[in-house]
Amino acid sequence: MDPMDIVGKSKEDASLPKATMTKIIKEMLPPDVRVARDAQDLLIECCVEFINLVSSESNEVCNKEDRRTIAPEHVLKALQVLGFGEYIEEVYAAYEQHKYETMDTQRSVKCNSGAQMTEEEAAAEQQRMFAEARARMNGGAPVPQPQHPETEHPETDHPETDQRSLQS
């Protein structure tokens, strides 16, 4: 593969996180097996090449269907075309597990995007979250919460003001 075959990047720019890949490699092997650094680097390069191969084939499948976005079905079809059909069931199961695990996160993002916050509400929410984080860092000591603008009531929140207005 030519170093510039990866869209707009040299081969050195396209890589996977070394620490993560080393962890995956070690988890797949018995504890008494050691892997030479050269072998780890080779395995990482193989993974990058495999991703490039599957991505390229997925793009071709996508283009044949006159689509502009690669969908999971295109990736599965690419695996079949490339001769990795025996892995499709396992890959699909991993994909379904990923969808299940990220479903709550996606749902909460959709719910939050429907109700837009004003800038003041967002700032108040940010301050509340900062206060919660500080409380956790300080061993759970409670931190006073600032009130949201919509919950403030000048007639009840500032009694000294009310007394002055009554005396006038």
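In this predicted model, helix α1 gives the most to the lining of the second largest pocket, with four residues. The volume of this second largest pocket is about 180 Å³, and M21, I24, I25, M28, L29, L43 and C47 line it. By class, the lining of the second largest pocket comes to seven nonpolar residues, with no polar and no charged ones.

L29 has its place in the loop between α1 and α2. With a relative accessible area of 32%, L29 is partly exposed; a patch takes residues with over 30%, so L29 passes that cut-off at 32%.

Helix α1 also carries a charged pair. A salt bridge joins the side chains of E27 and K23, at 3.9 Å from N to O, and the cut-off for such a contact is 4 Å. Both residues lie in α1, four residues apart, or about one turn of the helix. E27 counts as exposed at 54% relative accessibility, and K23 likewise counts as exposed, at 53%.

The largest pocket comes next. Its volume is about 590 Å³, and 15 residues line it, with F50, L79, Y87, E90 and V91 lying nearest its centre. The elements giving two or more residues to this lining are α2 (37-64), α3 (72-81) and α4 (88-114). Of these, α4 supplies the largest share, five residues. The lining of the largest pocket divides into 14 nonpolar residues, no polar ones and one charged residue. E90 is among the residues nearest the centre, and because Glu is classed as charged, E90 accounts for the one charged residue in the lining.

L79, also among the residues nearest the centre of the largest pocket, is one of the buried residues of α3, together with H74, L76 and A78. After α3 comes G83, with a positive phi near 90°. In the protein as a whole, buried residues make up 14% of the 168 residues. The secondary structure comes to seven helices and zero strands, so that the order from the N terminus on is α-α-α-α-α-α-α.

Returning to charged contacts, the count of salt bridges comes to five. Side chains of opposite charge can pair when their charged atoms come close.

The side chains of R128 and E125 meet in a salt bridge of 2.4 Å, N to O. R128 is partly exposed, with a relative accessible area of 23%, and E125 counts as partly exposed at 22%. Salt bridges with shared partners bring E125, R128 and E132 together in one network.

Note on methods. Residues numbered from 1 in each chain as written. Predicted model: local features only at pLDDT ≥ 70, side-chain atom pairs only at ≥ 80, totals over all residues. Heavy atoms only, no water. 1 Å grid on protein atoms, 1.4 Å probe; cavity = no way out; pocket = protein on both sides within 12 Å on 5 of 7 lines; lining within 4 Å. Points joined across faces, edges and corners; volume = space filled by probe spheres on them. Buried < 20%, exposed > 50% of the residue type's maximum accessible area, 1.4 Å probe, protein only.
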